[in-house]
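Here are my notes for your review. Please read them with the structure open beside you.

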Amino acid sequence: MIFTIFGYPKTGKTLLFNLLTDKKKEISKFSAVTNKFHKAVVDVPDDRLKKLSDYFKTPPVFAKIEYLDTGKISFGEADDTTFIDLLRRADGLVHIVRAFEDPEIVHPKGSIDAFRDINRIEEELRTVDFLSIAKRIEKLEIDIKKIKSKELEEEFKILKKLKNFLEKEKPLRELELNAKESTIIKGFKFLSLKPLINVINSDETFYKKYLKLEEVRKNNTATIISCEKIESELLELEEDDRLLFQEEYGLKDYKYTRNNFIKTSYELLKLISFFTVGTDEVKAWTINKNSSAYIAAGKIHTDIQHGFIKAEVIKWKDFLDSGGFTQAKEKGLLKLEGKDYIVNDGEIVHFRFNK
Ligand SMILES: Nc1nc2c(ncn2[C@@H]2O[C@H](COP(=O)(O)OP(=O)(O)OP(=O)(O)O)[C@@H](O)[C@H]2O)c(=O)[nH]1
Ligand SMILES: [Mg+2]
């Protein structure tokens, strides 16, 4: 799973990347924007997994999430195909918006206005999609005249629907699509279809103004208000001192971006974790919500999927509260499920399979 960070120059993209990955990539007020990008794979924090690993006395293997800092300004540059390609490959997009004052850092639009910048970027994403759709429709119109093909006609129909939606100035991620339609358009990797997190990088003054935006959730779009600079300063302090400083900034209830971000990104991508446990390994696996035990088995190994017999399932907490598999079984908390069982977040799953 990869999240790609992009936005206008000097909005705090690299600072966010550093916060999310514990890296210390260079940030700068003045240096020219380079085309360098940074990539990092990090653990998805999970207290449940930690507790299970304590029980089995083996280190936890967390689920992974990948971040890419594009280090890029925006659209419309000479080599923007590389930039757009980076965005296309993402599972989720992260737009960093500036909402902090600093007279030394020039905003390309001359003023700070998070709403304006969010709308502008949305427009850019839609434009990229619109152009690919228009081009494809043009080609399809010619082809359909030449050959009669049900597939091409279906593609034509759905692309027309998407085009109409974009013409209403709405991103594709707000459009309801059925499974078939999603499959047909998958290859296009439309940008405005990807889940989007807007991170509003605020100072303590703007924080309160924008905080209410966090509650507004549209389809596949989320907003996080972050005080990146303050947060990175707070993280330098001992934990006990942090609250004191937060109060001083008027940020008593401040939610640290790192945890907040991962939680939001999981929700946005409709992902959940299940666990496999044992004395040799305690591990979290990421699957889409509403995935069957059969799909979950395939995440681990195709052999397990192909030889699937049954899945033994127990909620992580039930397992720990009972004190082990034998006790849990006696209490009837360990269930035996078939291929079609829908795996829930936080369940321990043990697959029985034919080797
Ligand atoms: N005052 C203030 N400065 C910030 C904040 N966030 C970032 N900055 C500063 O903004 C400058 C740019 O931060 P970066 O993280 O390098 O921003 P960037 O978007 O990666 O910049 P480019 O990659 O050059 O486009 C640095 O000097 C940061 O210290 C903030 O919340 N408040
Ligand atoms: Mg940068």
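**Notes on the predicted model**

1. Start with the ligand. By class, seven nonpolar, six polar and seven charged residues make up the shell around ligand 1. The model is a predicted one, and the points below should be read with that in mind.

2. Which residues come closest to ligand 1? They are Lys13, Thr14, Leu15, Ile27 and Lys229, out of 20 residues that surround the ligand. Helix α1 (13–21) supplies at least two residues of this shell, and so does α8 (228–234). The largest share comes from α1, with three residues.

3. The largest nonpolar core has 43 residues. Those with the most contacts inside this core are Ile5, Leu16, Tyr67, Val94, Ile197, Val199 and Ile200. Strand β5 (residues 92–99) gives the most to this core: five residues. The core also draws on two domains, with at least three residues from each of domain 1 (2–112 + 193–268) and domain 2 (124–188). In soluble globular proteins, nonpolar side chains tend to be buried together.

4. Val199 deserves a close look. It is one of the residues with the most contacts inside the largest nonpolar core. Leaving aside neighbours within four places in sequence, Val199 is in contact with Leu16, Val94, Ile96, Val97, Ile224 and Ser226.

5. Now the strand pairing. Strands β6 (residues 196–202) and β7 run parallel, joined by six bridges. Val199 stands opposite Ile224 in β7, and Val199 and Ile224 are also in contact.

6. Is strand β7 largely enclosed or largely open? It is largely enclosed by the rest of the structure, because five of its six residues (221–226) are buried. Buried here requires 20 or more other C-beta atoms within 10 Å of a residue's own.

7. Finally, Asp46. This residue lies in the loop between β2 (38–43) and α2 (47–56). Asp46 counts as partly exposed because it has 19 C-beta neighbours inside 10 Å, and the cut-off for buried is 20 or more. Not counting residues up to four places away in sequence, Asp46 touches Phe62, Ser273 and Ala284.

8. One separation to check on screen: Asp46 and Asp340. They are 294 residues apart in sequence. In space, the two lie 26 Å apart, C-alpha to C-alpha.

Methods. Residues are numbered from 1 along each chain as its sequence is written. Chains are lettered from A and ligands numbered from 1 in the order in which they are written. This is a predicted model: local features need pLDDT of at least 70, side-chain atom pairs count only at pLDDT 80 or more; totals for chains, interfaces and linings use all residues. A residue is buried if 20 or more other C-beta atoms lie within 10 Å of its own, exposed if 12 or fewer, and partly exposed in between; C-beta atoms are placed from the backbone. Helices (H or I, at least four residues) and strands (E, at least two) are DSSP runs, numbered from the N terminus. Two strands pair if DSSP finds at least two bridges between them. Two residues are in contact if their C-beta atoms, placed from the backbone, lie within 7 Å. A residue is near a molecule or strand if its C-beta atom, placed from the backbone, lies within 6 Å of it. Ala, Val, Leu, Ile, Met, Phe, Trp, Tyr, Cys and Pro count as nonpolar, Asp, Glu, Lys and Arg as charged, and the others, Gly among them, as polar. A nonpolar core is a set of buried Ala, Val, Leu, Ile, Met, Phe, Trp, Tyr and Cys residues joined through C-beta atoms within 7 Å. Domain bounds come from an automatic or database domain assignment.
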